[in-house]
Structure formats: C-alpha cells, structure tokens
Amino acid sequence: MSKKITSDVFVSNEKDLKIEVYKWLLKKNEDAVIIPEYTIGNRRADYISFDDKKINCTIVEIKSELDTFERSETQLDTYSKIANNIYLAIDKKQYEKLQSKNITLPGHIGILIFDNSKKKKLDEVKKASRVDHKKEYQFIPFLSYSDINNSFVGFKYSSKLSKEQKESFIEQCIEKDILNSFSYAIVKNRFIVESDRRKSYLKNGDIDNAVASSKELKINRFDIEGKYSMTLHKYIEDKDILYN
C-alpha cells in the first residue's frame with residue numbers, strides 16, 4: 001500500500017517496496033526463480049532469487065517507513081549462512097535514520113534505497129559482496145523426506161534403505177560440491193511453478209498477484225505438480241554407486 005495519511009496514522013509503503021524489489025530482481029536475471037517470503041529457520045526473507053544456471057542465491061530484506069532495525073542484525077546473519085548475495089532494500093527516510101543513529105551493517109551487505117519521488121524509485125547505492133559457501137552444505141538442511149527418497153529413484157536396492165541410511169550414504173559417499181549443486185537444484189526447482197506464475201501475472205499487468213503471498217495465491221509450495229523431481233543420477237558418473 002502506498003504511503004498515505006488516514007486519521008493522522010501513516011500507512012507503510014511496504015507494498016511499493018516489494019514491487020520495486022521484484023522488478024529489480026527480474027532486471028538482474030529474468031530467468032531466475034524468484035519468490036517472496038522464504039522461510040529460513042524462524043526468519044522469513046522478503047525475497048529470494050535462485051540463479052537458473054549456477055549456484056547463486058540472492059536474498060533481499062525490505063525495511064519500509066514503519067519498520068525498525070531491532071532484528072536486522074540477526075536477520076542478516078541468518079541469511080548470510082544461506083545466500084551468496086544479501087541486500088537491504090530500505091526507504092530513503094529509514095536510510096537517513098540508519099545513518100543518523102550510526103547503525104553499521106556487515107560489510108558484505110548491499111543497499112537498495114527506495115525513493116518514491118524519483119523516476120528510478122529503487123537505487124543500488126552499494127553492491128553486495130559475494131559470500132561463498134564452499135565449506136558448508138548450503139541447502140541440504142532444506143531437503144524434505146520426499147526429496148531424499150526421490151533422489152534415489154533408479155538405484156539398485158534403494159527401496160531397502162531407511163531415510164537415515166540414505167542420508168548417511170549421501171554424506172559419506174558423495175562429494176560436497178556435488179551435494180551442494182544437487183540440493184540447490186532441488187530447492188530452486190520447488191518454486192519454478194510459483195515463480196513462473198508470478199512472472200505471468202506481472203507480464204499481464206496484474207502487479208497485485210505478482211507480489212502477493214503464496215497464501216493469498218493459494219499456492220502449496222511443496223506441490224510442484226510432478227514436473228521437477230530430481231535424482232542423483234544426473235550428478236554422479238557411477239550410476240550404480242549405491243549397489244557397489
């Protein structure tokens with residue numbers, strides 16, 4: 001909802017910010033898988049974008065006129081463990097407040113400033129520094145029971161193994177870079193249907209639905225319509241590694 005005054009109460013311009021952030025992410029990579037309100041632990045990132053060709057995840061945290069900075073440090077710290085690029089999209093007045101209070105942000109955080117009075121409403125004043133996660137299992141914690149089970153489709157004797165045995169096998173027998181690529185692809189593919197639907201809404205001029213919550217759109221994020229299931233066969237050379 002755009003900023004306005006009703007009974008002397010300011011209404012947040014968060015929706016304006018969401019619209020501009022969504023357009024900005026699409027401009028960076030129109031083929032990326034982009035969705036709002038992605039849950040990470042007990043935090044919810046306002047926007048997340050998955051590069052379509054390589055492991056490159058961008059998270060944008062939005063701070064509108066009425067938001068505070070109380071949780072910013074823990075939010076950005078949580079996102080930094082997952083994303084490769086983290087941005088703070090902030091209203092111009094909030095940015096001025098940030099500077100006046102000498103609130104410092106981690107050096108790798110990028111900054112987008114929203115100014116509704118300008119033609120270019122969202123301006124990237126600081127580019128995010130890339131965070132690499134080569135030593136961590138970046139997206140493995142986000143895999144579901146079904147993801148683990150489906151990843152073994154086509155392997156001999158896989159049906160005889162429990163979920164715990166499959167998880168143990170994955171950690172002990174598959175290289176970390178392969179695991180990271182595989183888990184990234186699974187998480188990204190989970191949102192392709194939703195992302196494409198939002199892009200279609202935007203293309204047709206329906207900006208409200210393009211930036212609406214998944215609940216408002218009645219989208220089940222664990223239902224990918226059976227189109228994008230993944231198996232480990234694509235990522236390992238030895239197709240009978242489990243049998244061996």
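**View 1. N13 sits in the loop between β2 (9-10) and α1 (14-28).** Helices here are DSSP runs of H or I with at least four residues, strands are E runs of at least two, and both are numbered from the N terminus. This is a predicted model, where local features need pLDDT of at least 70 and side-chain atom pairs count only at pLDDT 80 or more, while totals for chains, interfaces and linings use all residues. Residues are numbered from 1 along each chain as its sequence is written, and side-chain values use heavy atoms, with hydrogens and water left out. N13 counts as buried because its relative accessibility is 4% (buried is under 20% relative accessible area, exposed over 50%, partly exposed in between; 1.4 Å probe, protein chains only).

**View 2. Six strands make up an open, mixed sheet, ordered β3-β4-β5-β6-β7-β8.** At the edges are β3 (33-40) and β8 (122-126), each pairing on one side only; pairing takes at least two DSSP bridges between two strands. On average, neighbouring strands are turned by 30 degrees against each other, direction ignored.

**View 3. β3 pairs with β4 (residues 43-50) in the antiparallel sense, over seven bridges.** Look for V33, whose bridge partner in β4 is F50.

**View 4. Two helices lie across strands of the sheet.** Helix α3 (residues 92-100) lies across β5, β6 and β7 (110-114), at about 105 degrees to β6. Contact means heavy atoms within 4.5 Å; axes are lines fitted to C-alpha atoms, for helices over the stretch in contact, and angles run from 0 to 180 degrees between N-to-C directions.
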